[in-house]
Amino acid sequence: MPSRREIEELLPAYVNGSLTEPDRDVVERALADDPALQDELRFLEMLQDGLKARAAGPTPGGLGWHRLRRRIAGTSAAPPEGRHWWRQAAAVAAAVIILAQGGLLWQAYDEDAGYEMLAGESEAQLQVRFVPDASARQIAALLISEDLEIVSGPGAAGVYRLRTATSATPAEIDALVDRLAEHDAIVAFVARE
Amino acid sequence: MANDAASENPAAGLLLARIARRDEAALKSFYDQFEGRVYRYAYSRLNDSFAAADVLNEVMLEVWKHAAKFAGRSKVSTWILGIARHKVIDHMRRERRHAAEAYDFETADEDAPAAADAIAGLQDADRLERCMQRLSDAHREAVHLAFFEQMSYAEIGGITGCPEGTVKTRIYHARQALKHCLGRRD
């Protein structure tokens with residue numbers, strides 16, 4: 001007969017369904033007349049539920065795929081990777097937050113007024129206005145996943161002018177516009193310069 | 001998860017064979033199938049969404065480059081989480097991350113309350129999170145693989161490079177520490 005400790009060590013595998021049939025029988029016999037062991041079982045079942053719920057948050061999803069795709073396509077010469085990537089993310093997020101705190105972001109704008117064209121910034125390739133409820137984190141993640149940099153903005157209508165971190169063909173810019181437009185929870189407006 | 005792992009290999013293995021022939025559509029299917037598991041494994045260890053996304057990117061790039069190395073001796077999920085493990089370790093080394101104050105497992109073993117007393121603490125997601133973060137990285141990893149991935153001790157041992165007995169002991173000690181943390185009245 002296995003010791004109490006041995007039975008307890010089998011319980012997690014009993015809970016996650018990976019125990020072999022003979023070991024299952026051993027555990028079930030021990031559980032039958034041991035209320036304390038039944039409490040252990042209940043604790044582990046609830047722990048498993050809690051850990052699954054804990055991990056139920058969002059994943060990179062499509063943003064992660066686009067980032068990967070760019071890397072495997074080799075179109076981006078030096079994508080920000082590794083330890084520098086989150087710092088860039090933090091920097092972009094911080095910039096957006098600072099702009100927001102300065103009252104520059106999400107200024108009241110007239111939907112019909114269009115957007116302000118800024119002179120002398122020929123590097124910008126895109127114009128984007130973000131959804132007012134989009135968080136700095138969402139915006140930062142999107143810009144980073146697409147290797148985009150803010151050239152200027154927000155303009156009077158809340159428009160940012162962006163460029164790709166690496167060179168892109170007109171067709172790639174068009175594809176980028178289409179991808180950004182798909183993120184309608186973050187991007188309210190996007191167009192080529 | 002272990003429950004659907006029996007049907008995992010044929011489809012995922014075929015995808016890997018196609019990926020080895022540079023089939024990007026196959027990589028997309030593979031990414032869709034495993035992205036969540038790789039990301040959540042990395043997040044469970046790094047507790048940082050940006051770092052976990054980096055690891056996911058690195059792992060999938062590794063799959064793209066080295067899909068042909070998958071020999072079918074293990075489950076695809078075991079193989080890919082093994083790659084993820086190495087990438088997490090690389091990340092920790094680069095960032096020179098040190099373990100936060102971890103549990104004294106001997107004390108936790110002795111003082112662990114009865115399971116019934118710790119169950120109430122499980123209702124509080126924030127408390128569970130705090131308690132998980134107090135586990136050592138190795139214990140948190142074992143708990144994640146056992147309860148989230150629903151892997152067997154042998155599979156966990158395959159990923160972590162530990163004997164099954166060590167895995168069992170880690171999960172036992174982690175459980176006692178969690179009970180101790182969750183059952184504490186503060």
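## A bridge between the chains

B:Arg175 and A:Glu40 join their side chains in a salt bridge, with 3.5 Å from N to O. This is a predicted model, and in it the count between chain A and chain B comes to seven salt bridges. Polar contacts can be counted too: 19 residue pairs, both at pLDDT 80 or more, link chain A and chain B in this way.

## The side of chain A that touches chain B

The largest share, twelve residues, comes from α3(A). Sorted by class, the side of chain A that touches chain B holds 20 nonpolar, nine polar and 15 charged residues.

In total, 44 residues of chain A are in contact with 51 residues of chain B. Between them the chains bury about 4,600 Å², and 61% of that lies on carbon and sulfur atoms. A:Phe43, A:Arg54 and A:Trp65 supply 16% of the area that chain A buries against chain B, more than any other three residues.

## The largest pocket

Now for the largest pocket, which has a volume of about 680 Å³. Its lining is made of 31 residues, and A:Pro58, A:Thr59, A:Pro60, B:Tyr39 and B:Ser49 are the ones nearest its centre.

Both chains take part in this lining: α3 (35-54), α4 (61-73) and α6 (136-145) of chain A, along with α2 (24-46), α3 (49-66), α7 (125-134) and α8 (137-148) of chain B, each give at least two residues. By class, the lining has 17 nonpolar, nine polar and five charged residues.

Notes: Residues numbered from 1 in each chain as written. Chains lettered and ligands numbered in written order. Predicted model: local features only at pLDDT ≥ 70, side-chain atom pairs only at ≥ 80, totals over all residues. Heavy atoms only, no water. 1 Å grid on protein atoms, 1.4 Å probe; cavity = no way out; pocket = protein on both sides within 12 Å on 5 of 7 lines; lining within 4 Å. Points joined across faces, edges and corners; volume = space filled by probe spheres on them. Helix = DSSP H or I, 4+ residues; strand = E, 2+ residues; numbered from the N terminus. Nonpolar A, V, L, I, M, F, W, Y, C, P; charged D, E, K, R; others polar. Contact = heavy atoms within 4.5 Å. Buried area = accessible area lost by both parts, 1.4 Å probe. Salt bridge = Lys/Arg side-chain N within 4 Å of Asp/Glu carboxyl O. Polar contact = N/O pair within 3.5 Å; in protein donor to acceptor, adjacent residues only side chain to side chain.
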